[in-house]
Amino acid sequence: MEVPFTWKPTGWFQIGWSTDYPSDEAVPIRYFGEDLVAYRTEDGTLRVLEAHCKHMGAHLGHGGRVEGDCIRCPFHGWQWGHDGANTAIPDQPRPNRSRRLRVWPAMEQHGLAFLWHDPDGKPPAWEMPNIFGCYPEFTAPPDDYYPPITKRNPNEPVHPQIVLENSADSAHFEFVHHATVTPRLLHWSYDEHLWDFVAGYPDTRSDDPDAMRMKLYSKLFGLGGAISIFDGRRNHRMTFTTTPVENGASDMFYTIWWPREPGDTGDTLPPGAREAVDQQFLTTVDDDLRIWRNQKWVEKPAYSPVDAEGYIAFREWAQRFYDLPPES
């Protein structure tokens, strides 16, 4: 999709799950049009550096060796620290202090791995919200859920903003997801870095038009994605994130935490629950992608009255995460 804004927005973006980055292994990744290498230091901390050695340009993620807190180049053995500094050169008395690799701030929480992107290489301007801590009214700890179910869609022609515009769109549920009940946008608000919204699913069995069978609470952390929780019969949590790989393509990540059955301490969802997750939630990504893969950006949409205010406000809010002009 061609869009009138850059594919390199500022913010926190998911780069997979913690299990994608085992100890003692240099992992090549590519995001925001940059080749990167990820590895863990001795204490297990995830580090991400630009991938190409400053000596002769070898890719540290293809054959590089993790040694303590450093990574060694597979070409001539130059060693680089997690701060990007050259720490050793074979057969030389001192390192090259004039060359450094760019460091990309990274962090993990609850099994998800995130990268901070700023087009000018500036440090994080805000903290990534905590997946299990950003809804203080929902107090269930991680142990009350089964290990998360995950889904990855690599290299989709979808921009992060397009995905998150769904937060202002209630009308598409009937036609895209074949919902029998159309949710209503009950609330939305925002600050510098977070967009907050609540959608309600009307209780069709009630005579009260304001009665809701279920509510969806969602927080958008910049353009990186959404942290959501459902308040209803099953209070499951999820994250849905989109990370640009390069101009015109993004990786998409979906993570669902399903509440444990009473007394169940195992790590496997009961068959019925797993089937519900697959059919009712994971398939929604495929529904949306049928639209997004073929969608054209409309600069001035013919808004529906029910969604116009939220759409307009969201598009204005999203502009704060773009520091670069669009690429031609």
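I count rings of Phe, Tyr and Trp (its six-membered ring) as a pair if their centres lie within 6.5 Å; planes under 30 degrees apart are stacked, over 60 edge-to-face, and the rest tilted. With that rule, my search of the whole structure turned up 22 aromatic pairs.

**Ground rules.** I am working with a predicted model, where local features need pLDDT of at least 70 and side-chain atom pairs count only at pLDDT 80 or more, while totals for chains, interfaces and linings use all residues. I number residues from 1 along each chain as its sequence is written, and my side-chain values use heavy atoms, with hydrogens and water left out.

**Two ring pairs.** I looked at tryptophan 188 and tryptophan 195, a stacked pair at 5.4 Å centre to centre with 5 degrees between the planes. For burial I take under 20% relative accessible area as buried, over 50% as exposed, and anything in between as partly exposed (1.4 Å probe, protein chains only). Tryptophan 188 is partly exposed because its relative accessibility is 25%, whereas tryptophan 195, at 1%, is buried.

My next pair was phenylalanine 240 with tyrosine 254: the ring centres are 5.0 Å apart and the planes meet at 70 degrees, so I log the pair as edge-to-face. It links distant parts of the chain, with phenylalanine 240 in strand β17 (residues 237–246) and tyrosine 254 in strand β18 (residues 249–257), 14 residues apart. Phenylalanine 240 and tyrosine 254 are buried.

**A cluster.** I also found one aromatic cluster whose members include Trp12, Trp116, Trp126, Trp188, Trp195, Phe314 and Trp317.

**Helix α4.** Phe314 and Trp317 sent me to α4, where they are among the buried residues. Eight of the 11 residues of this helix (residues 308–318) are buried, so α4 is largely enclosed by the rest of the structure. I checked what covers them, using contact as heavy atoms within 4.5 Å; the cover includes α1 (160–164), β13 (184–190), β14 (194–202) and β15 (212–221).

**The whole chain.** I see four helices and 18 strands, taken as DSSP runs (H or I, at least four residues, for helices; E, at least two, for strands) and numbered from the N terminus. The radius of gyration is 22 Å, close to the 20 Å of the globule rule for 328 residues, so the chain is as compact as a globular protein of that length. That radius is taken over C-alpha atoms, and the rule is 2.2 Å times the number of residues to the power 0.38. Of the 328 residues, 51% count as buried.
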